[in-house]
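Visitor: I've got a few questions about how the labels on this one were decided. Can we take a look together?

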Amino acid sequence: MNIQRLLVPTLRSASAATLAAGGYIHAQLYVDEYRFIHVIGPLFLLQASASFALAALLLVGTPPLLLRAAAAGVTLGALAGFIASRTVGVFGFTEHGLQPAPQALLSLLTETGTLLFLSIWQMTVTRQRRAARTPVRTPIRERATH
């Protein structure tokens with residue numbers, strides 16, 4: 001069996017799985033602690049909802065570039081929020097280190113994994129499209145003069 005035929009479905013499933021895992025972590029944190037934090041709680045719920053929805057859409061089939069970009073955007077937003085909450089703060093909310101443990105570390109790992117899988121997937125799709133193009137050939141009369 002051709003490895004290229006297995007690569008895209010595997011990357012699609014892996015992207016969806018890590019995206020859903022990140023969403024689950026945010027949903028768990030929302031239910032356990034963050035729902036009481038002004039602005040931050042609803043943002044955690046929004047991130048979890050978007051992650052679950054995008055993960056489901058990724059599993060439906062090979063999505064267009066816009067869907068992969070949306071998944072990357074949600075993931076980058078979660079990472080940016082993580083970094084901001086530990087440096088400058090977000091809406092007056094700050095955290096330190098990898099707290100709450102183990103969710104902070106798991107969230108970092110799943111979000112980094114999602115970006116990695118989405119990047120490899122995009123490179124694979126781009127290469128497949130490039131390989132599928134027919135090569136441009138010069139007209140016969142021009143080849144004869146060279």
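**Labels and their cut-offs**

Guide: Let's start with Leu109, which lies in helix H4 (residues 103-132); helices are DSSP runs of H or I with at least four residues, numbered from the N terminus. This is a predicted model, where local features need pLDDT of at least 70, side-chain atom pairs count only at 80 or more, and totals for chains, interfaces and linings use all residues. Residues are numbered from 1 along each chain as its sequence is written, and side-chain values use heavy atoms, with hydrogens and water left out.

Visitor: Why is Leu109 called exposed?

Guide: Exposed means over 50% relative accessible area, buried under 20%, and partly exposed in between, with a 1.4 Å probe and protein chains only. Leu109 has 53%, so it is exposed.

Visitor: Which residues of H2 are called buried?

Guide: Ile40, Gly41, Phe44, Gln47, Ala48, Ser51, Leu54, Ala55 and Leu58. Across the 146 residues of the chain, 36% count as buried.

Visitor: Which helix gives the most to the lining of the largest pocket?

Guide: H3, with eight residues. The lining has 25 residues in total, and His26, Phe44, Ala78, Gly81 and Phe82 lie nearest the pocket's centre.

Notes: Helix = DSSP H or I, 4+ residues; strand = E, 2+ residues; numbered from the N terminus. 1 Å grid on protein atoms, 1.4 Å probe; cavity = no way out; pocket = protein on both sides within 12 Å on 5 of 7 lines; lining within 4 Å.
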